[in-house]
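Biologist: Hi! Could you walk me through this one while I have it open on my screen?
Modeller: Happy to, just ask away.

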Amino acid sequence: MHHGIFHSLMKGRFAGTTVALVLACTPAAVPNSDSATPQTGDAAAPVTPPAAANRRSLPAREANDPATAVGIRGAVTSAEAQASEAGLEILKRGGNAVDAAIAVGFALAVTHPSAGNLGGGGFMVVRMADGRTAAIDYREVAPGAASRNMYLDAKGEKTRGSLDGAKAAGIPGTVAGLQLAREKFGTIPWAELVAPAIALAQGGHTLDSFHADDLRGGVERMMKLNLTASAAIYRKADGSAYAAGDTWKQPELAATLAKVAADPRAFYEGPLADEMAKQVTALGGIWTAADLKNYKAVLRDPIVFQYRGHEIVTMPPPSAGGVVLRQLLAASEILEIDTKPWHSVDEIHLYVEAARRTYADRNFLLGDPAFVNVPLQKLLDPGYLRDRLKDVDPLKATPSSKVAAGMTLGTGSTQTTHFSVVDEAGNAVANTFTLNTSFGSKVVIPGTGVLLNNEMDDFAAKPGTPNAYGLVQGEQNKIEPGKRMLSSMTPTIVVKDGKLRAVVGTPGGSTISTTVTQVVRALIDYGVTIDKAVQATRIHHQWMPDQITAEPSLDPAIAAGLRERGHKIEEWDSIGHANCIEVDPATNGYRAVADVARDGGKAVAY
Ligand code: DON
């Protein structure tokens, strides 16, 4: 009953309202003499001399697989083809993976508006060839006028205010985050990285069927809220819906992007920023010019840990993603889950038992480390995790009502943690960004083309009651002015023997961290290629609601076996949209996969 929003989100297509894009490039790579013609070869591309460590040849690729691309010089996979191509173009012009990621990010704000954004936020995990790594935190923050009970009615019940309309919007981080990435790691002039997005918005671009559907869905949701002006941007002038093959132009967004191209600070200070704050207030929101001016993206040390001979580089708080990934991978080691056949009753049972315990920790112990004391070291500690898993019954589900967070919190001050990273390989970026639910708050700031996020719902608007993803969270994640709301986004880079092995990420709200876990485990525990890892059935558990959620492709005999052990199983059409890249161990070449079967997108490589 509590999970109404959760169910309506989950039952429908719950794949693409956050965008994870991954890129990898190796400027020094050249084909081995025996390599085949690259799939997206570019005869004019300059060939740089071979560096022995980076010698690559083309990985095998299944015939007629539209989801997978292979290459030896670089690869991009994202939720929309023209955005992927924009990134590939930057790589071909000599840009590095971070340059290309910035171009893809801006392009997705135009071509994938349900989640790509200027008005939202996200996280980028970077690993450079020289071993430098970074976690760029460009999560939205609560406006200065936000308060703990701002989404409760007179009776103290949660309203839709954290999801619908301008008041649901946190202060956006995307422009600041991409700028920080450019400043720290980029090589190509900023304006050239925004240019492809401007061209796509100004000149228009051709809609594929996924995106025509997406726009239609967005317009329906906007009209339900009487947001006619917003809807007008995503449908034709005569009110009819765009169809696949139509050209779609967004002149106002193009003009905003041009201002950002000229000066990224224009989004946060000056006439554009002042106008945005004014318009959001007029629409019932609470932004001020000072909120925008004070917004800062943060460069963080990623969470880095060892897993079965690999090094995992992932996102720290205010995302819960890295902590969940670490705990679930540690559980695979502690419970020896890798010895159970992939997708057997034993394997799924143990993974689910670990997940229910991990999400109890996630929901009550994590929050923005600038505001609350996050016991990060303990949550990542193998000794703590071993204790946590002691009561797992190998044959019987533990009811979630009997599972609480693994520790209680004392009152303490703010805590910041640091991890050290060394290594070298190709440059890589994993970036996940979002408006939260599809098309965010559904409000476009008039005259700017900027669609507003509804990320405020990721806070515990009423601690102890579920949010849009059914997450029941606690005081650590209550609303406070200037605070970042807890996230599940898990952009992740896998390193083996000091060299890049894979880049992984996905949307999917609370299911993000378990999807990333399953892809990483498929690669490492079960040795499958990235395309098989991405295509495989996804299974999720998040403590509460106390149920396994699984895609329809779960074998009915396995489902029956799980029910016998006391698990309830809920079927969801589709979980996540994992656009991932691996370095093929056999050839050292790149294999990129877009999660096309679930929600479109495109992998490209050269
Ligand atoms: O940060 C989070 O965890 C959520 N706002 C992500 C939302 C999401 O993935 C929606 N996509 N399906």
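**A chat about the model**

Modeller: Let me start with a detail: the side chains of Ser513 and Thr490 are joined by a polar contact of 3.5 Å. Keep in mind that this is a predicted model.

Biologist: Thanks. Where is Ser513 found?
Modeller: Ser513 belongs to helix α15, which covers residues 512-524.

Biologist: And is Ser513 buried or exposed?
Modeller: Buried: its relative accessible area is 0%, and the cut-off for buried is under 20%.

Biologist: Let's zoom out. How many helices and strands does the protein have?
Modeller: There are 18 helices and 21 strands. The protein has 606 residues, and 64% of them count as buried.

Biologist: What about contacts between residues at least 6 apart in sequence?
Modeller: Of those, 75% join residues at least 24 apart. As for the surface, the accessible area comes to about 20400 Å², with 54% of it belonging to carbon and sulfur atoms.

Biologist: Now for the helices. What can you tell me about α2?
Modeller: Helix α2 runs over residues 81-92. Its twelve residues should span 16 Å at 1.5 Å a residue, and the end C-alpha atoms are 16 Å apart, so the two agree.

Biologist: Which residues of α2 are buried?
Modeller: Those are Ala83, Ser84, Ala86, Gly87, Leu88, Ile90 and Leu91. Just after α2 comes Gly94, with a positive phi of about 100°.

Biologist: And how does α3 start?
Modeller: At its start, a side-chain oxygen of Asn96 comes to within 3.0 Å of the backbone nitrogen of Val98. Helix α3 itself covers residues 97-111, and its 15 residues should span 21 Å at 1.5 Å a residue; the end C-alpha atoms are 20 Å apart, which agrees.

Biologist: Why do you call α3 largely enclosed by the rest of the structure?
Modeller: Because 15 of the 15 residues of α3 are buried.

Biologist: What does Thr111 touch, not counting residues up to four places away in sequence?
Modeller: Thr111, which lies in α3, touches Glu80, Ala83, Leu200, His205 and His211 on that count. Thr111 is buried too, at 1% relative accessibility.

Biologist: Which residues touch the most other members in the largest nonpolar core?
Modeller: Phe106, Leu118, Met124, Tyr234, Leu257, Phe267 and Trp287, out of 80 residues in that core. Helix α3 gives the most to this core, with twelve residues.

Biologist: Which way do the residues of β20 point?
Modeller: Tyr590 and Ala592 point one way from β20 (residues 590-593), Arg591 and Val593 point the other way, and all are buried. In a regular strand, side chains alternate between the two faces of the sheet.

Biologist: What about β2 and β20?
Modeller: Strand β2 (residues 68-71) pairs with β20 in the antiparallel sense, over four bridges. Thr68 stands opposite Val593 there.

Biologist: Last topic: what is the strand order in the open sheet of three strands?
Modeller: The order is β16-β17-β18, with mixed pairing. The edges are taken by β16 (539-540) and β18 (569-571), each with a single partner strand, so one side of each is left without a neighbour in the sheet.

Biologist: And how many bridges join β16 to β17?
Modeller: Two bridges join β16 to β17 (residues 548-550), and these strands run antiparallel. In β17, Ala550 is the bridge partner of Ile539.

How values were computed: Residues are numbered from 1 along each chain as its sequence is written. This is a predicted model: local features need pLDDT of at least 70, side-chain atom pairs count only at pLDDT 80 or more; totals for chains, interfaces and linings use all residues. Side-chain values use heavy atoms; hydrogens and water are left out. The expected span of a helix is 1.5 Å times one less than its number of residues. Buried means under 20% relative accessible area, exposed over 50%, partly exposed in between (1.4 Å probe, protein chains only). A polar contact is a pair of N or O atoms within 3.5 Å; within protein, one must be able to donate a hydrogen and the other to accept it, and residues adjacent in sequence count only if both atoms are side-chain atoms. Two strands pair if DSSP finds at least two bridges between them. Contact means heavy atoms within 4.5 Å. Accessible areas come from the Shrake-Rupley method with a 1.4 Å probe; for residues, only the protein chains shown count as cover. A nonpolar core is a set of buried Ala, Val, Leu, Ile, Met, Phe, Trp, Tyr and Cys residues joined through side-chain atoms within 4.5 Å.
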